[in-house]
Amino acid sequence: MKEEQKMNAITGRQIVLAARPKGKPQKSDFRLEEVRIPTPGSGQVLLGVLYLSLDPYMRGRMDDRKSYAKPLQVGDVMSGEAVARVIESRHPEYSEGDVVLAHTGWRTHAVSDGAGVRKIDPGGPPVTTRLGVLGMPGFTAYCGLHLIGKPQTGETVVVAAASGPVGTLVGQLAKMAGARAVGIAGGPRKCAYVKATLGFDAAVDHHKSGFAADLAAACPRGVDVYFENVGGAIWQAVLPLLNKFARVPVSGLIAQYNGVGPGDGTDRLPATMREILSKSLTLRGFLYYEFSEQHYAEFLREVGAGIADGRIRFREDIVDHLENAPEAFIGMLDGHNFGKVIVRVAP
């Protein structure tokens, strides 16, 4: 029996969108399917997924609404980036055994024509870092802080979700730039990690009843850069602390991703716009790929060097088996993860 016939006799697995969530996703919104492993055609490669990245942006793809990316349709494979190994190649630039970064979705196997695929040096940092600190989350932190936030020596930088894959790097890069770093995280364990292990100047627990007062106390000279990952009540606590000419890179609004209905009915936009005007604030939403071509190589070089010499630390929260991805994803949206959430699909 030929090798491709053997491959076609084996089934792979994939997770598809079974139903659109109504608010917080449920396990019933996902479906695990067994499928035949595809055969690559001319100019294609067959990829075996090793590690799958779980990221908050995926929640938005589950809704049928206008956004920066096309929404998934019910029955579509959940979208996502992965570290994979080339199992079979009919593409001149890839060989069997190559380890690559690719947008495979939530599945064990995928066929690709090479578009958007990047080779990974398995002799460098752990390959999982290309999904976290050296991947999309890390690049988001790097571009948002350096190209929009632009912290100066002695300024105060505040970042929400400070123990997550974006927030951890934002604070460490702020310190390397000579700024004061204040992290917002959920619970004493995460706050202790942010301050003691990552070296932030202060960490504030947003689960505590006196959160707003604690944040103000941690920022006695106000806030010059606020890196927004969360929104909601955390944004409302930060807003009055922003100094004149403060910069606010907005990379995520995780507190609002599961939102349905009009909220509590309070219209906060007029007060927010008043602060923006009176303090000459700069708020800019951004997507990491807006900066890819220009700054990706310098990001890999600078952050990679920081990892190598120990100046930059990272934490990964690894879950085994593809079938556990939905539960891990739901937990991530609730803040149960500690570090970058990655699913180990294959050994």
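A crossing of two helices is called right-handed if the near helix is turned clockwise from the far one by less than a right angle, and left-handed if it is turned anticlockwise. In this predicted model, the crossing of helices H3 and H4 is right-handed.

Helix H3 covers residues 136-149 and packs against helix H4, residues 165-176. H3 also crosses helix H9, residues 292-308. The table sets out the two pairs.

| Pair | Angle between axes | Distance between axes |
|---|---|---|
| H3 and H4 | about 40° | 8 Å |
| H3 and H9 | roughly 105° | within 10 Å |

Angles from 65 to 115 degrees count as roughly perpendicular, so H3 and H9 are roughly perpendicular to each other. H3 and H4 are therefore oblique to each other.

Which residues of H3 meet H4? On the H3 side they are Pro137, Gly138, Thr140, Ala141, Tyr142, Leu145 and His146. Their counterparts in H4 are Pro165, Val166, Leu169, Val170, Leu173 and Ala174. Sorted by class, this contact has 10 nonpolar residues, three polar ones and no charged ones.

Towards H9, helix H3 uses Gly138, Phe139, Tyr142 and Leu147. In H9 these meet Ser292, His295, Tyr296, Glu298, Phe299, Glu302 and Val303. The classes here are six nonpolar, three polar and two charged residues.

**The sheet**

An open sheet is built from six strands, in the order E10-E9-E8-E11-E12-E13, with parallel pairing. Strand E10 (202-205) and strand E13 (282-285) are at the edges, and each pairs on one side only. On average, neighbouring strands of the sheet are turned by 15° against each other, direction ignored.

Val182 has Ala202 in E10 as its bridge partner.

Helix H3 lies across several strands of this sheet: E8 (156-159), E11 (223-227), E12 (242-250) and E13. Relative to E11, helix H3 runs at about 150°.

**Ser53**

Another strand, E3 (residues 45-53), contains Ser53. Is Ser53 buried or exposed? Buried means under 20% relative accessible area; Ser53 has a relative accessibility of 1% and therefore counts as buried.

Setting aside neighbours within four places in sequence, Ser53 contacts Met58, Glu81, Leu131, Lys340 and Val341. Ser53 and Arg130 are 77 residues apart in sequence, while their C-alpha atoms are 9.5 Å apart in space.

How values were computed. Residues numbered from 1 in each chain as written. Predicted model: local features only at pLDDT ≥ 70, side-chain atom pairs only at ≥ 80, totals over all residues. Heavy atoms only, no water. Pairing = 2+ DSSP bridges. Helix = DSSP H or I, 4+ residues; strand = E, 2+ residues; numbered from the N terminus. Axes fitted to C-alpha atoms, helices over the stretch in contact; angles between N-to-C directions. Contact = heavy atoms within 4.5 Å. Parallel < 35°, antiparallel > 145°, perpendicular 65-115°, else oblique. Nonpolar A, V, L, I, M, F, W, Y, C, P; charged D, E, K, R; others polar. Buried < 20%, exposed > 50% of the residue type's maximum accessible area, 1.4 Å probe, protein only.
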